Amino acid sequence: MTSTTVARFPFVSKVDIVRAYRPGAAVSDRTFRTLRARGVTSPGIDVRHRSGGRLKGQVRCYAALNIDAAVLARHDRHDEAAEVAEQEGHFEQEWQPLVASIVKEFALADFDAFRSARNLIVHALAPATQQLEALHAQLSAGWDGFLNEEFVRITELTQHWATLQIVGLGMSAAAKDLARSITSAFEPAAAIGRQLAVDAFLPRAADLGIGDLALLRIEHSAGASLLSLLAAIQDDQQEDEFTLDDEFAPFFDEDPLPADVLASLAEDRDRGNIVRVAGSTIPLAS
Amino acid sequence: MTILWRPATKRDRVLLQQFQCTDPDGPDFERLVQRYFRVQAIAHMGSHDSLRTDHRLLLVLDEDELVAAGCHRRGPQAGQRNFVFAAVASAFQGQELSNGVRASDALWSVVANDILDREQADPVDVFARVDRGNARSLAFCTRIGLATRGADRNGLVLCAGTIARN
């Protein structure tokens, strides 16, 4: 992620997914179970951290494109929704250890705490974020433009209206469509240059405040436009320039281990040849 | 004297730049490992590649003196860990530390426990790739229970074993 790149926060909650599937309806576990049963939602990541034998926090989250899968499912595009969910399952599996280490390191109590800490953990999340945006670009290529997205920053928030500054070098074609859609759908909300005005309910519902980055989504659906905001992040650290010297590369090879090595390891395990590791008696330096 | 361990931070750059685990005319494979710790290890730590693979750079210290360094990261499949590099500072090689533990055993204890903590799984398959001429590292692997299991596609010896909490 470069210093100018903004991306969606790569994880959402169960509530976010259910709201995307049934906008305006009460959030219920039953709806979520139905989505899971239909295979249009990924399994998610469940991280618990304990201290002194007690549960100190539990973060349950889902890859952010589950929102898209839910919207696709609502549009009866079940095959596409299932494809998104499957890809999201792989994504979650890959990044589960990173989420687990962040949750542990920051002692996060729940998903809200995880999302609230997004600006602290943005650099750690950068590779996952990049991968998710690439996956979104790949999967959304065939979605016929029924969904427009634009990254924005919330610059003003009054009792009734929120002003959103479009983030980026210039307003994209999608953003111009978005502005037109908003203007027609939410009079007297207006699009002025690179700024949009929307109902203040939108950022409040997403727990976003002044200065926050967000992904503004507009969905065209049977003569109506549905607007929503999702939390977004920006990695202000410099582009990662690190290159591993070639001489070290063979030691970092990521190819799967040869089948005979795996077989011999499994054989040893079955025989009980396991190295027992005593708890560390060497203190951790402060 | 107190033996301590910790994950390295950016502030350890100078400490690692001075790390010596072989002679200037030592074998290529030993100087390669020393170069990694001196030149690349710190920069590698915060890179996307390291974050993606949960790369861990661990240091064992005797007071402020660096005794040993090691790094490990997720393997290609779930429940696997690549014990990439390990080195004991020349001054401590074959020596017992002030707590009576051999320096290389102290390093392995730190690495093995960190692996089990990071993977949040038990047991975990651990593998290391070793230059075929590196008799000392091959003996170390055998001693800690990573048995020799053939060679990889680059001709490095694959040592592997399964570890679990006692």
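Leaving aside neighbours within four places in sequence, with which residues is A70(A) in contact? In this predicted model, local features need pLDDT of at least 70 and side-chain atom pairs count only at pLDDT 80 or more, whereas totals for chains, interfaces and linings use all residues. Residues are numbered from 1 along each chain as its sequence is written, and chains are lettered from A and ligands numbered from 1 in the order in which they are written.

Apart from those neighbours, A70(A) is in contact with I17(A), A20(A), Y21(A), L35(A) and V40(A), a contact being two residues whose C-beta atoms, placed from the backbone, lie within 7 Å. A70(A), A214(A) and A232(A) have the most contacts inside the largest nonpolar core, which has 64 residues. Such a core is a set of buried Ala, Val, Leu, Ile, Met, Phe, Trp, Tyr and Cys residues joined through C-beta atoms within 7 Å; a residue is buried if 20 or more other C-beta atoms lie within 10 Å of its own. Helix α4 (residues 78-105) of chain A gives the most to this core, with nine residues. A second, separate core of 55 residues includes V84(B), L107(B), I144(B) and L146(B).

Helices α1 (residues 14-21) and α2 (residues 29-37) of chain A pack at an angle of about 85 degrees, with their axes 10 Å apart. α1(A) and α2(A) are therefore roughly perpendicular to each other, a term for angles of 65 to 115 degrees. K14(A), I17(A), V18(A) and Y21(A) of α1(A) make this contact with T31(A), F32(A) and L35(A) of α2(A).

The mean pLDDT (the predictor's confidence in each residue, from 0 to 100) of chain A is 84, and 85% of its residues reach 70 or more. Over residues 185-193 of chain A, pLDDT stays under 50. Where pLDDT is low, the predicted coordinates should not be read in detail.

Chain B contains five helices and seven strands, these being DSSP runs of H or I with at least four residues and of E with at least two, numbered from the N terminus. Of the 166 residues of chain B, 48% count as buried.

The contact between the chains takes 39 residues from chain A and 48 residues from chain B. On the side of chain A that touches chain B, α9(A) gives the most, with six residues.

Terms used:
Buried ≥ 20, exposed ≤ 12 C-beta atoms within 10 Å, placed from the backbone. Axes fitted to C-alpha atoms, helices over the stretch in contact; angles between N-to-C directions. Parallel < 35°, antiparallel > 145°, perpendicular 65-115°, else oblique.
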